[in-house]
Amino acid sequence: MEYQKTLLSKAMIIPLLSMTAACHLEPERKVKELKIEVNGFSLVSAEGTRLNDCKEFEPTAQQIAHYFNRAYPVERKVMTTSRYTPCYATGSLKFDKKTGGTWTLYSSGVASFEFIRGDVVTLYYKDNQWFDPTACTYTLDKDEQCGSHSNTSSETRKETLAEPCQLETTSTPIWKCQEPTMLFINNTGLVDANRIKLNIFPKIEREKMDKVNGIVVHQTGGPSAQSAFDLYADEREKGAHFLIDKDGTIYQTASLYRMSKHVGRLQSRCFITKKCSATELQRATSLENIKSDAKKTQAVHDDEYKKNFPLRYPWSADAIGIEIVGMAQKENRNGKEKNIYEPVNEQQNAALKWLIEELKKTFHVSVSEIYRHPQIERKNESEASTATW
Ligand SMILES: [Zn+2]
């Protein structure tokens, strides 16, 4: 019953409109089991009619579990006034063996939750991925979509993203949800997690990225997060999806459904790993023998570029880029001046480890497809050499 006490005390301190503050609350609950009774139903209006559009309100198990992991208590009148909609779904869920209840979830993001013991609480959460057929009937925030299905690439995402909830029985759908759940990514590719701060730079977002095959770890070469952000604000600049500051703060800087330019010209996977046919290796070796470094780098990349993953390394087109704030400074190594990146610090490595773990689970990326930048592109070898995960 600890859970209910927390909920009720929060109800008094969180006003509805302090959504930003609510987003940073550590979730104290995780849906373990979920049952969906009905989907896309409509309340009968005063005139006795039902809204047909409500059929389009079809939240998935993943979306519902995410909702109940994150929703916070609001005053009951929110359900009947500012976020009123006739479209709803019903079901039940368990947070653990003792705690759970039945729910009625409205497409506007309001829900009524009745605990097994009988207490009823009204919940609210805004950042949901489902289609809300009545979105235009209440005041929208500027980032909310109105009137149409905004998640056009939902089919692609179904393939890419792991579902934290698995269907256990099909007669009455009961979903078992994994603990811990994976990162929740909204329909514009932004992560919704307490540990990640959003600071998106549209200018570093490129073409659509439908598939994630790998993760590439970088160091910025600059002294601070701000110095990287200043460059990201410039259209010509390259960028990555995440940036880890000196104190371990993680920023998401680009949508995960968009490419960002963080890898330039690929090295030959065949030549480096020798895991390819004899003919392929012969061809790769001949390219490596080109005398001019510039020409060789370009020729090898042009050849790799035509290959499909995993014959080539993952790069900007299919890899998530993580930048770690860190300078490169001239050092004398064996009588030669070399630019050496500063060591990745403890907080940065802890943040990197957490982020990579979450991304691995969410996108099904194998640990063997996570690279330091110089492993896949001819680069200063000290870049991210001290990063660990
Ligand atoms: Zn790099």
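## Helix H3

The buried residues of H3 are Ala 61, Gln 62, Ile 64, Ala 65, His 66, Tyr 67, Phe 68 and Arg 70. In this predicted model, helix H3 spans residues 61-70 and is mostly covered, with 8 of its 10 residues buried. The buried set brings together residues such as Ile 64 and Phe 68 with others such as Gln 62, His 66 and Arg 70.

## Overall make-up

The protein contains 11 helices and 17 strands, and buried residues account for 36% of its 389 residues. Among the contacts in the protein with a separation of 6 or more, 70% are between residues 24 or more positions apart.

Strand S4 (residues 100-106) and strand S5 (residues 110-115) run antiparallel and are joined by 5 bridges, with Thr 104 having Ser 112 in S5 as its bridge partner. These two strands form a hairpin with 3 residues between them, and in its turn Gly 109 has a positive phi of about 100°.

Strand S5 also pairs with strand S6 (residues 120-124), again in the antiparallel sense and over 5 bridges, and here Glu 114 has Val 120 in S6 as its bridge partner. The hairpin of S5 and S6 has 4 residues between the strands, and Gly 118 takes a positive phi near 120° within that hairpin.

## The hairpin of S15 and S16

Arg 333 stands opposite Lys 336 in S16. The hairpin of these strands has 2 residues between them, and the residue with a positive phi, near 50°, is Asn 334.

## The surroundings of Ala 240

Ala 240 is found in the loop between helix H6 (225-232) and strand S13 (242-244). Although placed in a loop, Ala 240 counts as buried because it has 27 C-beta neighbours inside 10 Å, where the cut-off for a buried residue is 20 or more.

Leaving aside neighbours within four places in sequence, Ala 240 is in contact with His 218, Thr 253, Ala 254, Ser 260, His 262, Gly 321, Ile 322 and Glu 323. Ala 240 and Ser 316 are 76 residues apart in sequence, while their C-alpha atoms are 8.8 Å apart in space.

Key
Residues numbered from 1 in each chain as written. Predicted model: local features only at pLDDT ≥ 70, side-chain atom pairs only at ≥ 80, totals over all residues. Buried ≥ 20, exposed ≤ 12 C-beta atoms within 10 Å, placed from the backbone. Contact = placed C-beta atoms within 7 Å. Pairing = 2+ DSSP bridges.
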